[in-house]
2 protein chains.
Amino acid sequence: MTGSLIIAGLGPGKEALVTPDVTQALASATDVVGYGPYVARVARRPGLTLHPSDNRVELDRAQAALAMAAVGRRVVVVSSGDPGVFAMASAVFEALEGREDWQTLDIRVLPGITAMLAAAAAAGAPLGHDFCCINLSDNLKPWATIETRLRHAARADFAMAFYNPRSASRPEGFMKALEVLRQECGTDRLITFARAVSTPDEKLLTVTLGAAVPEMADMRTVVIVGNSATRRVGRFVYSPRRAG
Amino acid sequence: MTGSLIIAGLGPGKEALVTPDVTQALASATDVVGYGPYVARVARRPGLTLHPSDNRVELDRAQAALAMAAVGRRVVVVSSGDPGVFAMASAVFEALEGREDWQTLDIRVLPGITAMLAAAAAAGAPLGHDFCCINLSDNLKPWATIETRLRHAARADFAMAFYNPRSASRPEGFMKALEVLRQECGTDRLITFARAVSTPDEKLLTVTLGAAVPEMADMRTVVIVGNSATRRVGRFVYSPRRAG
């Protein structure tokens, strides 16, 4: 039996946003590996073993998945959204470092609808012009790096999408980010808080940076800051196709 | 009969990357509007009228779609990839400006797998850390804006994804972009050319910036430039989860 490892994106939450490619991979899997709440989205069936794990053990999880593939299992590692955007794909490739035996395995990444694109679609088209995508969690990088990126992004006049804006353990980071953004972009710039998009808990809020407060975000929220031309039309927010 | 307008993303090419949400919208449509090659991906059936149009008439196309929805048609505007990323969603919202009669229509955006995420998945995980996304076409903005954005992106140490890197009419733009990138990032930085990802014409090439030449890209290519930490492992390219 030849093993394989597929790193699959489940999209932001709604089943109708899971691609047929991913549905097919799950239907053929012998083992599904991932963070508990994502594994819980996979239907149980005979012949399929679910391996839910805790948050923040990405490398352990990746190594366990590769070890199973190496002994012939058909393993799917699941992420929410897209596996290549602040999710499991990088962790799997990190786990391949120095393991030439694993590097020749059948490994594929199946893309998914990442949270910022589902959030943008729900709001209108705030990412319709050049944009950047920043993980605001300071678990994996120092605050100084985040601040530098925010300032360059503002001066480039990128729209910006933020993942993991506000952790329970370090709520002050997002407050500092909002301060930097107000300095660089002014208080009239539009900011959209998109929580749990495509799920029954979906909540959208667009305000100006002047009116934004950290409590508008939690860890289920994607935050989108417009560029200098981003505007409202009717109930929508969008960035025009031409440069701001 | 109540009309509606759905702006739907068909993904990068492969049918198994079209979300069930989009498939369902197409099954319920009376009219499909879009650039000819994208409309050609929609199956013909009785009761469905296809309205293919030329490239670069996005605003006319958006207005025509809205006018049909206003008289009760169920219209789907199709884009490849995601409609909110350099595609039709912004054009539709531009067409809503000053038209309060159209602003109250039932309008929804359905996300799709955008080209850079399909390209990243095919290559490994080069967008696995903070990144930006820039349309290199100078149809809609001056070269000076593009250059400023490239320099800020490099100094922020973003990975970068480029859409429309090289037009037949202005091939010199991408050559200039590569020069700016070599100045800012050095010649060892990895760059991936991903052409027609997920289609039978798919072609992937990763080289260093020093070895990159403009002819490696055409208008069907998405280009991904790594950050300072982006590296190869086995046949893959990825950006580690920690800051470069």
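Colleague: Which order do the strands of the open five-stranded sheet of chain A take, and with what pairing?

Modeller: In this predicted model, the order is S3-S2-S4-S1-S5 in chain A, and the pairing is parallel. Direction ignored, neighbouring strands of this sheet are turned by 15 degrees against each other on average.

Colleague: What makes S3 and S5 of chain A the edge strands?

Modeller: Strand S3 (49-53) and strand S5 (106-110) of chain A each pair on one side only.

Colleague: How do you know that S2 of chain A is joined to S3(A)?

Modeller: Two strands pair if at least two bridges are found between them. Strand S2 (residues 31-35) of chain A is joined to S3(A) by five bridges, and the two run parallel.

Colleague: What makes strand S1 of chain B mostly covered?

Modeller: A residue is called buried under 20% relative accessible area, and six of the six residues of strand S1 (residues 4-9) of chain B are buried. In a regular strand the side chains alternate between the two faces of the sheet. Here B:Ser4, B:Ile6 and B:Ala8 are buried on one side, and B:Leu5, B:Ile7 and B:Gly9 on the other. S1(B) pairs in the parallel sense with strand S4 (residues 74-79) of chain B over six bridges, and five bridges join S1(B) to strand S5 (residues 106-110) of chain B, also in parallel.

Colleague: Which strands make up the open sheet of 10 strands?

Modeller: The order is S10(A)-S9(A)-S11(A)-S8(A)-S7(A)-S7(B)-S8(B)-S11(B)-S9(B)-S10(B), with mixed pairing. Strand S10 (203-208) of chain A and strand S10 (203-208) of chain B are its edge strands.

Colleague: How many bridges join S7 of chain A to S7 of chain B?

Modeller: Three bridges join these antiparallel strands, each spanning residues 131-135. Since at least two are required, the strands count as paired. A:Cys132 stands opposite B:Cys132 in S7(B).

Colleague: Which residues have the most contacts inside the largest nonpolar core?

Modeller: They are A:Leu150, A:Met160, B:Leu150 and B:Met160, in a core of 51 residues. Not counting residues up to four places away in sequence, the contacts of A:Met160 include A:Cys132, A:Leu150 and A:Val223. Another core, of 37 residues, lies apart from it and includes A:Ala119 and B:Ala194.

Colleague: How much area do chain B and chain A bury between them?

Modeller: They bury about 5900 Å², 59% of it on carbon and sulfur atoms. The contact takes 69 residues from chain B and 68 residues from chain A. Across this interface the rule finds 12 salt bridges.

Colleague: Why is the pair A:Lys141 and B:Asp130 called a salt bridge?

Modeller: The limit is 4 Å between a side-chain nitrogen of Lys or Arg and a carboxyl oxygen of Asp or Glu. For A:Lys141 and B:Asp130 the closest N and O atoms are 2.4 Å apart, so the pair qualifies. A:Lys141 counts as buried at 5% relative accessibility, and B:Asp130 counts as buried at 0%.

Colleague: How far apart are the closest N and O atoms of B:Arg241 and A:Glu58?

Modeller: They are 3.6 Å apart, and the two residues form a salt bridge.

Colleague: Why is A:Asp188 called exposed?

Modeller: Exposed means over 50% relative accessible area. A:Asp188 has 66%, so the term applies. A:Asp188 is placed in the loop between helix H8 (172-185) and S9 of chain A.

Conventions
Residues numbered from 1 in each chain as written. Chains lettered and ligands numbered in written order. Predicted model: local features only at pLDDT ≥ 70, side-chain atom pairs only at ≥ 80, totals over all residues. Heavy atoms only, no water. Helix = DSSP H or I, 4+ residues; strand = E, 2+ residues; numbered from the N terminus. Core = buried A, V, L, I, M, F, W, Y, C linked by side-chain atoms within 4.5 Å. Buried < 20%, exposed > 50% of the residue type's maximum accessible area, 1.4 Å probe, protein only. Contact = heavy atoms within 4.5 Å. Axes fitted to C-alpha atoms, helices over the stretch in contact; angles between N-to-C directions. Buried area = accessible area lost by both parts, 1.4 Å probe.
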